[in-house]
Amino acid sequence: MQKITSLPADDALPGWYHTSPSRPPRPAHVGQKHARWAIVGAGLTGLAAARQMAIHFPDDEIVLIEAQEVGYGPAGRNAGFAIDVPHDIGARDYIGDVKTARLILQLNTLGQNYLRAIVQEHGIECQMSESGKYQAAVGEQGVAILEAYRRGLEKIGRETQMITGKDLPDHIGTRYYKQALYIPGTILLQPSALVKGLANNLPSNVTLYEYTPITAINYGDKVTLVHDKGSITADKLILANNAFAAHFGFLRGRLLPTFLYGSLTRPLTADEQTRLGGKPVWGVIPAHPFGSTVRRTVDNRILVRNSFSFHPDGRPREHHLKNFIANHRKSFERRFPTLDQVDFAYSWSGAICLSENHEGFFGQLAPNVYGALCCNGLGITRGTATGKLLADMIAGERNELIDFLVASPGPNKTPPEPFLSIGVNSVLKWGQYRAGSEV
């Protein structure tokens, strides 16, 4: 029996969660249970895997286990960009190998289409908007990044529009940026509302248990998941819990649980909306990867997301959030000086799972154990797509995208502690410093 050494413990004010429709969480599991299939993690990957497994195995019960409440964890704490286009920061044109880039585009588009169909079928209210995204630069270095990215996207047949600084206020209501590359195809949405809606509309043969953190696990001919009020024994296990997979005994020393921090304003008044101008819904991604992500939402709030920290146990630290709220305030006031009376209503941290070589894991981890793990910051589209495709693979399907994912070398091995934490946090601090005015 292997003990789980770290459990999720997210902070209390995730803005998306508190401003999305409320739902009664499903009861925690109590007692002993046996099922053919169990999935740990009810984020986007786990929800997609559960839905697809239920379709493939309609006569089986699919047990989906969530440590916290659906929509409260990382899947409900991201910036709400469902991105289709690849963005390889290690390549000069941010595209790299064209064949690989086209497969990634196909993979991300699959995730988008899968979510779009479910949202439409069930009428999920998650502020889904086909708005595209603006990749925006403050200085000349950032503009050069945009130009390189534009050329790279042309190689895979994606049309873009370069917008000069003087025209940007008509788009995003701020003169702060020197230039922006508008890229159609990205879907903007309310992430917590999305995952709550997906959980509320699971197939009838999926049993969801919330507030059921797994504290120990036993691997063998069957897998037994132990929690404080009982246990669940499954013939097969799917891990969809990203960096916490390391605490279940897999990919140790390969996953990098990294936290970003976001703040969401109160709704803008009618007068403030007029002063802001621009389009009613938009999203800005920074040219520099350590800059600020900014959004205007359907309900007229402004999101600012920046600042990073690394914690190998996958749990945030309260003092980082308190410190980084000041960064959010500065970033907001730089971009929107006419909105200086607009306060943040919510501030929170949110984990993403990264790897040193930007590769995820997909496939079989051990006998009776499978995983779709480490989305490298693309949890909405890639998490959804890999969850679906993992279920397809388990059901015996093979296609070009499954073969592409299986062929991945997976996440690289990283240095041991304490060198890992020292190194990663140093890289994060240096990156944020170099981002300068992009933050």
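Predicted model: local features only at pLDDT ≥ 70, side-chain atom pairs only at ≥ 80, totals over all residues.

Visitor: Are D299 and R301 buried, exposed or partly exposed?

Guide: Buried means under 20% relative accessible area, exposed means over 50%, and partly exposed lies in between (1.4 Å probe, protein chains only). D299 has 27% and is therefore partly exposed. R301, at 12%, counts as buried.

Visitor: How many salt bridges does the structure hold?

Guide: The structure holds 20 salt bridges. One of them joins the side chains of K322 and E318, at 3.4 Å from N to O. Among the others, K388 and D392 have their closest N and O atoms 2.6 Å apart.

Visitor: What makes K322 and E318 count as exposed?

Guide: K322 has a relative accessibility of 56% and is therefore exposed. E318, with a relative accessible area of 57%, is exposed as well.

Visitor: Why are K322 and E318 said to be about one helical turn apart?

Guide: Both belong to helix α8 (residues 318–335), and they are separated by about one helical turn because they are 4 residues apart. A helix here is a DSSP run of H or I with at least four residues, a strand is a run of E with at least two, and both are numbered from the N terminus.

Visitor: Where do K388 and D392 lie, and are they buried or exposed?

Guide: They lie 4 residues apart in helix α9 (residues 379–394), about one turn of that helix. Both K388 and D392 are buried.

Visitor: What makes α9 largely enclosed?

Guide: Of its 16 residues, 15 are buried, so α9 is largely enclosed by the rest of the structure. Just after α9, G396 has a positive phi of about 105°.

Visitor: How do you know that the span of α2 agrees with expectation?

Guide: The expected span is 1.5 Å times one less than the number of residues. For the 13 residues of α2 (residues 44–56) this gives 18 Å, and the end C-alpha atoms are 18 Å apart, so the two agree. Helix α2 is also largely enclosed by the rest of the structure, because 11 of its 13 residues are buried. Its buried residues include L44, G46 and R51.

Visitor: Why are β15 and β16 regarded as paired?

Guide: Two strands pair if DSSP finds at least two bridges between them. Between β15 (residues 293–296) and β16 (residues 302–310) there are 4 bridges, and the strands run antiparallel. R295, for instance, has L303 in β16 as its bridge partner.

Visitor: Which strands stand at the edges of the open sheet, and why?

Guide: The sheet has 8 strands in the order β6-β7-β5-β14-β15-β16-β13-β17, with mixed pairing. β6 (161–164) and β17 (344–354) stand at the edges because each has a single partner strand, so one side of each is left without a neighbour in the sheet.

Visitor: What makes β11 mostly covered?

Guide: Strand β11 (residues 223–227) has 4 of its 5 residues buried. It pairs with β10 (residues 216–218) in the antiparallel sense over 3 bridges, and the two form a hairpin with 4 residues between them. β11 is also joined to β12 (residues 230–239) by 5 bridges, again antiparallel, and this hairpin has 2 residues between its strands. V226 is the bridge partner of A216 and stands opposite S231 in β12.

Conventions: Residues numbered from 1 in each chain as written. Heavy atoms only, no water. Salt bridge = Lys/Arg side-chain N within 4 Å of Asp/Glu carboxyl O.
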